[in-house]
Protein chains: 4
Amino acid sequence: MDFTPSPRSQDFLSRARSFIEESIAPIEESYFTELLSKNHGADWTKWEVSPLIEDLKAKARSAGLWNLFLPDKKLGAGLSTLDYAPIAEATGHSLLAPEIFNCNAPDTGNMEVLWHCGTEEQKEAWLKPLLAGEIRSAFCMTEPDAASSDATNIAAAITEDGDHLVLNGRKWWATGIGHPRCRILIFMGVSNPEADRHHRHAMVLVPIETPGVTVKRMLTAFGEYDEPYGHGEVWFENVRVPKANLLLGPGRGFEIAQMRLGPGRIHHCMRAIGAAERALELMIRRGITRTAFGKPLINLGGNRELIADLRMAIDQARLLTLHAAWKIDDAGALGAMNEISAIKVVAPNVLQRVVDEAIQMHGGAGVCHDFPLTALFSMARSLRIADGPDAVHRGVIARLELGKYKSLIDAQHGKG
Amino acid sequence: MDFTPSPRSQDFLSRARSFIEESIAPIEESYFTELLSKNHGADWTKWEVSPLIEDLKAKARSAGLWNLFLPDKKLGAGLSTLDYAPIAEATGHSLLAPEIFNCNAPDTGNMEVLWHCGTEEQKEAWLKPLLAGEIRSAFCMTEPDAASSDATNIAAAITEDGDHLVLNGRKWWATGIGHPRCRILIFMGVSNPEADRHHRHAMVLVPIETPGVTVKRMLTAFGEYDEPYGHGEVWFENVRVPKANLLLGPGRGFEIAQMRLGPGRIHHCMRAIGAAERALELMIRRGITRTAFGKPLINLGGNRELIADLRMAIDQARLLTLHAAWKIDDAGALGAMNEISAIKVVAPNVLQRVVDEAIQMHGGAGVCHDFPLTALFSMARSLRIADGPDAVHRGVIARLELGKYKSLIDAQHGKG
Amino acid sequence: MDFTPSPRSQDFLSRARSFIEESIAPIEESYFTELLSKNHGADWTKWEVSPLIEDLKAKARSAGLWNLFLPDKKLGAGLSTLDYAPIAEATGHSLLAPEIFNCNAPDTGNMEVLWHCGTEEQKEAWLKPLLAGEIRSAFCMTEPDAASSDATNIAAAITEDGDHLVLNGRKWWATGIGHPRCRILIFMGVSNPEADRHHRHAMVLVPIETPGVTVKRMLTAFGEYDEPYGHGEVWFENVRVPKANLLLGPGRGFEIAQMRLGPGRIHHCMRAIGAAERALELMIRRGITRTAFGKPLINLGGNRELIADLRMAIDQARLLTLHAAWKIDDAGALGAMNEISAIKVVAPNVLQRVVDEAIQMHGGAGVCHDFPLTALFSMARSLRIADGPDAVHRGVIARLELGKYKSLIDAQHGKG
Amino acid sequence: MDFTPSPRSQDFLSRARSFIEESIAPIEESYFTELLSKNHGADWTKWEVSPLIEDLKAKARSAGLWNLFLPDKKLGAGLSTLDYAPIAEATGHSLLAPEIFNCNAPDTGNMEVLWHCGTEEQKEAWLKPLLAGEIRSAFCMTEPDAASSDATNIAAAITEDGDHLVLNGRKWWATGIGHPRCRILIFMGVSNPEADRHHRHAMVLVPIETPGVTVKRMLTAFGEYDEPYGHGEVWFENVRVPKANLLLGPGRGFEIAQMRLGPGRIHHCMRAIGAAERALELMIRRGITRTAFGKPLINLGGNRELIADLRMAIDQARLLTLHAAWKIDDAGALGAMNEISAIKVVAPNVLQRVVDEAIQMHGGAGVCHDFPLTALFSMARSLRIADGPDAVHRGVIARLELGKYKSLIDAQHGKG
């Protein structure tokens with residue numbers, strides 16, 4: 001149970017931090033101010049990629065700060081889950097860093113899926129340009145008409161027609177689908193309706209320009225469109241793709257989803273922890289530099305004790321996530337199910353709490369765009385729902401905990 | 001301590017509820033969808049008033065559902081604070097109702113100020129058209145460069161120059177200032193720098209078109225511009241107004257602020273409670289109609305107990321607010337200081353909690369514009385800061401509570 | 001919805017407060033010190049009634065501060081539930097006052113049962129001496145072998161044998177059964193096993209000396225035996241009583257339980273609120289008079305804000321309880337089911353929270369017998385379980401809340 | 001940052017667990033039942049050591065499960081703080097194990113003090129019999145007349161008189177002082193009143209039978225006397241001891257206290273975590289085996305989600321404590337100040353929360369002596385006060401956190 005990052009990880013970490021501090025942080029405010037001034041809002045067809053981002057991406061790539069999330073030694077940095085974790089935390093300090101390091105969700109998860117399950121042709125066509133940061137991707141799983149917290153509710157249809165698959169269904173919360181360079185979608189639907197609930201679904205690769213794919217609109221997440229990525233509602237109407245676009249095979253959608261989610265949740269949670277550190281720092285700086293009733297805010301009332309509580313909450317969330325990362329490396333994502341569900345509840349809630357308090361310390365400044373706090377709040381709030389809502393993860397943890405008492409439970413059933 | 005509304009209040013309440021249900025609720029969704037589709041965003045110069053609203057205002061006025069907040073029997077409905085409270089709650093069920101009934105903040109507070117402190121000329125010029133719903137107003141108190149939680153920090157300057165006052169300062173969070181019909185601002189600044197901290201400020205009426213008044217931008221509140229009202233940053237640079245625009249007199253700004261805040265906080269809090277009821281209703285409806293793991297969401301895990309907790313929290317907040325309203329009527333705003341501070345902490349926090357849980361029950365739908373939940377969240381979150389942040393109100397309550405032990409405290413000082 | 005107590009109630013209240021302050025408070029500490037010094041512990045057969053208590057009872061009775069809980073105008077004070085509520089709160093400031101005013105649970109509930117349901121003979125035999133404070137009583141409902149949170153689990157048997165009833169079963173948490181003057185028990189058991197779950201039980205009067213009744217031991221509640229009352233485990237083995245001892249009739253046990261619980265819960269909750277006020281006062285006094293790091297504790301860290309939070313919590317709990325009392329008077333206990341369940345959750349939890357914080361402010365002194373804080377904690381903690389645990393009351397509130405959406409729920413069932 | 005225990009630690013751990021399970025757990029219930037039946041209560045002069053305990057101590061000692069806390073390789077097991085941590089957790093599952101393994105507070109801390117600071121004579125006289133488990137000791141620091149949360153408040157006096165020291169003062173919460181074999185006290189008092197606040201105190205060894213030492217009474221902790229150890233109030237009146245009894249030297253009391261507290265807090269917290277695991281297990285077993293409303297309690301309402309929350313809280317507290325232990329080994333107690341303060345807040349609060357919920361799941365059984373839950377609650381509640389109350393530790397954490405912003409704070413001071 002050694003959480004010490006390897007020397008390679010530490011080297012990447014220190015370089016990533018320097019890069020963020022020296023190259024990304026200084027442009028962040030002006031980047032968002034400019035974005036805001038364009039006032040594109042819902043009109044995603046006008047969204048564009050800032051040359052600032054493109055330049056930084058090139059710079060990061062040439063510095064070797066690129067695809068660090070991918071365990072593959074050739075294609076990525078070959079880091080273990082635990083080794084990547086502190087780097088993910090570092091990127092969470094910046095709203096732009098994940099994209100610039102080509103480590104942005106949902107592309108990371110999609111690349112992992114292609115890396116694990118893709119055929120050579122699929123990899124050549126999609127993984128390669130994704131790894132190069134030339135295109136972007138979206139993941140089309142959640143549906144507006146079903147409670148997607150129960151993934152077996154997913155109802156979109158995949159039917160066969162000769163050499164093709166025909167896809168139908170409405171999806172939403174397809175993050176990144178508004179990006180000008182989004183080219184490939186991973187679609188989840190029912191391929192084997194007669195099978196048991198965990199073998200009914202499949203995943204299929206769908207180029208975004210396939211006829212029948214219509215991006216209907218971009219959704220707000222707490223008022224934010226998250227330009228130029230966006231969260232789209234997208235309809236699939238008789239969309240035909242070759243059978244070669246199927247991932248792994250019919251009925252294997254859940255298998256892919258499980259594989260995708262383990263390390264992805266570590267990334268999300270470590271970014272959330274990095275974001276919480278940033279919010280805490282903003283909060284403290286504000287508390288030191290603003291004065292009311294003759295004292296710096298930070299020394300008023302229970303503010304210092306509050307800082308202590310937040311520090312303890314963040315530190316606990318970090319250790320829990322590092323432990324989950326270590327467990328994934330040690331026992332695989334399935335063996336770390338309890339740990340992964342736990343961090344998925346803990347980390348976003350800690351972030352939400354820290355940001356909420358940071359907002360309060362900022363007063364009016366905290367709720368407007370002058371600070372990144374509402375953006376971080378939106379991230380926290382959405383993360384409590386995405387990838388399984390809190391309640392589902394609590395359910396998993398409880399099931400595993402009660403599993404330790406199986407013989408007692410069985411004995412009770414015997415009685416009853 | 002009788003919280004029963006008078007027959008007149010009950011009559012207004014039942015008519016207001018019917019009006020909201022029959023005339024406002026049905027158009028709310030399409031109103032906001034249309035607003036969203038205009039995609040005006042930050043460009044407040046394009047903001048416009050929907051004819052839908054104008055029609056409903058006229059209809060409400062002719063139905064006598066107009067200016068119900070104003071205790072004046074001729075100009076308003078002549079209701080006591082307690083009698084108006086349940087009506088304020090009813091309007092909180094709708095994002096549009098307060099405007100339609102001409103009971104929208106900050107105009108209500110501004111009208112109360114004019115009604116209490118205005119000269120006949122001031123009333124004729126500004127109160128009359130405000131009561132007629134023809135113009136709107138803004139309140140310019142908070143400043144970006146000072147922690148406004150301590151109102152004595154307010155630094156904008158009011159100097160005399162012959163028959164005129166000259167105003168200088170930067171203000172923000174001037175709600176309503178983006179409205180196409182906003183005509184009059186109430187400006188707070190330092191008129192008597194040498195006086196004690198509660199007699200240094202004054203309030204002045206400033207027509208928005210006075211030279212030197214510049215609306216610099218609209219601020220977002222949790223990503224929302226709240227078109228067509230907005231929350232503006234506004235600069236006053238050598239703004240000259242006649243001395244006749246002064247309210248009450250030099251050094252009397254705090255006196256006016258106190259008078260303004262008592263009933264206004266009741267209104268805010270009762271609207272928050274109405275909003276919480278709406279969020280709870282949305283939450284329950286969603287929980288009944290969505291299914292996961294073979295059951296309606298509402299029957300999963302601790303959701304029913306959660307509903308119970310929210311019901312108890314709302315009911316307690318309501319009783320506390322009614323009690324504060326009764327106390328204002330009974331003992332005046334000063335005599336109800338503890339009660340007013342208490343509801344100002346309790347009600348927005350209850351709303352924030354209810355909305356947060358309602359969002360969670362909605363999943364992805366909860367964080368986007370398809371439901372009014374993020375708007376209600378923004379309202380709650382902002383309300384915990386506006387009109388004094390939670391910490392300031394807790395401070396007031398503590399001071400009053402400890403005041404009961406004055407002799408013990410004095411005895412300790414004697415010892416020390 | 002008028003919570004103002006009647007003039008008679010106010011008169012009783014002010015006299016009760018004076019009596020507590022002048023006659024009870026001064027002897028409380030020495031009473032408990034003496035009790036502690038006797039070191040009787042679990043040996044309840046040695047428990048005795050202090051002459052101090054007997055004297056004060058006589059004094060209270062002659063002052064007319066006696067049986068104030070009973071709505072009967074002849075036998076009690078004829079106060080409504082609402083009118084008695086503030087008096088119950090006042091008695092909660094003192095651990096001894098309820099007994100001294102003959103308003104102590106469970107005797108109050110038992111007297112109400114006899115008053116409502118007793119025959120003339122039953123009243124003559126038991127209600128009369130109870131009202132005179134000459135004897136005490138216990139309520140035997142909870143069983144060690146069943147989850148009594150679901151009262152239909154109660155399994156003790158009542159069978160007929162000629163003119164007699166024969167009782168068998170094990171009971172515990174029979175409060176007051178250790179009192180030297182405890183003479184009469186109310187026993188609940190299954191009389192009609194074939195009936196539906198709410199008509200299977202009956203209640204029977206059992207003189208404590210009836211053969212077959214064995215008090216096995218006294219239970220601790222958070223380490224306290226609560227001498228000289230106690231909480232007993234009592235076994236009923238072939239206990240024979242005349243049929244005339246049956247209350248109301250076979251199968252009517254739940255009906256009696258419901259009737260008993262409504263006002264009783266108001267009393268419990270108001271006493272809890274009074275106890276919370278006392279704990280808050282102790283906390284503040286301690287915080288003012290102890291110094292650390294150069295300041296009175298009360299001014300350190302977030303202690304003042306904490307005081308504010310507790311003040312708000314107590315005030316909300318009081319208003320909620322007064323409202324429930326008003327509702328009982330207005331709509332009967334059944335019509336106030338939501339309100340009664342709500343206060344039963346809220347008030348004990350508020351008390352527990354206040355006491356927990358008061359203990360913290362006292363440091364080591366708070367956890368020992370030098371202050372009444374652990375006794376108050378025990379009261380709070382037990383009250384969250386007695387009379388239905390929190391979860392059961394939350395369940396009731398949720399059921400009533402969801403009942404408002406019956407047509408929507410039915411429509412969903414239609415779909416499914 | 002490797003939390004994996006060494007092979008030696010794992011060996012001790014597995015043997016300690018087996019010993020507890022096979023030898024201690026089976027006698028625990030009867031041990032406490034017998035103790036209770038003796039009904040000694042406050043009369044500590046009758047307290048005695050059960051032969052059961054003596055036998056188990058001998059057995060544990062011969063099994064090598066003895067003095068495992070002591071880092072000394074000869075006298076103890078030579079385990080690092082991190083290596084001892086899981087063993088401390090294991091002992092927390094049992095109320096008796098710490099004593100049986102000779103790892104009970106406050107003796108562990110006192111032995112560490114003697115080991116670190118004692119002269120050869122002091123060690124021979126007191127450390128040797130303590131390590132042999134032949135005698136017991138108490139720590140006399142806290143005073144009834146001062147807020148001991150600020151340790152500089154400690155006012156007891158140490159004056160010189162020739163070759164002797166003369167001690168005067170009142171102490172309380174001297175845990176273990178009621179034990180029949182308690183022989184030696186460590187007394188803290190002011191030796192250098194003129195020095196700065198952290199160099200004014202000294203510690204002195206005082207044999208309990210020294211004239212002038214009077215144990216006045218035993219204090220209850222949440223109603224428990226914790227026989228045969230007890231928490232005593234003890235007066236020192238002109239107590240004369242040779243100067244050779246001084247530890248380290250005049251003015252070095254704080255230095256000793258700091259040294260004593262680091263590892264001791266790890267022990268306390270890990271035991272608290274073990275206790276929390278035990279409470280959780282009891283809670284789950286109760287929830288599985290009791291039925292209400294047709295279901296096992298564990299499947300009602302939010303109980304499963306609650307189990308998940310408690311599991312997450314415990315796991316986080318454990319990781320935080322292991323990290324603090326690792327930090328002590330890595331950077332010394334001073335270098336781990338933030339981490340030590342954090343666990344001191346987190347672990348007892350987690351234990352209190354888990355026990356409170358476990359009590360609730362048990363209903364009435366949870367608050368009486370039939371289960372160890374109130375004893376565990378008392379442990380948690382006292383631990384939030386002992387060794388520095390929560391607020392003091394939050395203060396330390398905040399100070400260290402704000403220390404990271406020193407230059408910003410200095411810049412503000414420059415401005416002001």
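## Interface of chains B and A

In this predicted model, 42 residues of chain B are in contact with 42 residues of chain A. Contact here requires C-beta atoms, placed from the backbone, to lie within 7 Å. Six elements of chain B give two or more residues to this side: strand S3 (164-175), strand S9 (291-292), helix H9 (337-362), helix H10 (364-367), helix H11 (373-383) and helix H12 (390-403). Helices (H or I, at least four residues) and strands (E, at least two) are DSSP runs, numbered from the N terminus. By class, the side of chain B that touches chain A has 18 nonpolar, 17 polar and 7 charged residues. Nonpolar means Ala, Val, Leu, Ile, Met, Phe, Trp, Tyr, Cys and Pro; charged means Asp, Glu, Lys and Arg; the others, Gly among them, are polar.

## Interface of chains A and D

Here 36 residues of chain A are in contact with 36 residues of chain D. On chain A, the elements that give two or more residues are helix H7 (253-289), helix H8 (303-335), helix H9 (337-362), helix H12 (390-403) and helix H13 (406-415). H8(A) gives the most, with 12 residues. This side of chain A divides into 21 nonpolar, 6 polar and 9 charged residues.

The same surface serves both copies: 100% of the contact residues of chain A recur in chain D.

## Helix H11 of chain D

Helix H11 (residues 373-383) of chain D is mostly covered, with 11 of its 11 residues buried. A buried residue has 20 or more other C-beta atoms within 10 Å of its own, with C-beta atoms placed from the backbone. Among the buried residues are D:Leu373, D:Phe377, D:Met379, D:Arg381 and D:Leu383.

The packing partners come from two chains. Chain C supplies helix H9 (337-362) and helix H10 (364-367). Chain D supplies helix H7 (253-289), helix H9 (337-362) and helix H10 (364-367).

## Domains of chain A

Chain A is divided into domain 1 (7-131), domain 2 (136-253) and domain 3 (261-407). These bounds come from an automatic or database domain assignment. The centres of domains 1 and 2 of chain A, taken over C-alpha atoms, are 23 Å apart.

Their contact takes 18 residues from domain 1 and 20 residues from domain 2. On the domain 1 side, helix H5 (107-117) and helix H6 (120-131) of chain A each supply at least two residues. H5(A) provides the largest share, 5 residues. By class, that side has 10 nonpolar, 5 polar and 3 charged residues.

## Conventions

Residues are numbered from 1 along each chain as its sequence is written, while chains are lettered from A and ligands numbered from 1 in the order in which they are written. In this predicted model, local features need pLDDT of at least 70 and side-chain atom pairs count only at pLDDT 80 or more, whereas totals for chains, interfaces and linings use all residues.

Note on methods
Two residues are in contact if their C-beta atoms, placed from the backbone, lie within 7 Å. A residue is buried if 20 or more other C-beta atoms lie within 10 Å of its own, exposed if 12 or fewer, and partly exposed in between; C-beta atoms are placed from the backbone.
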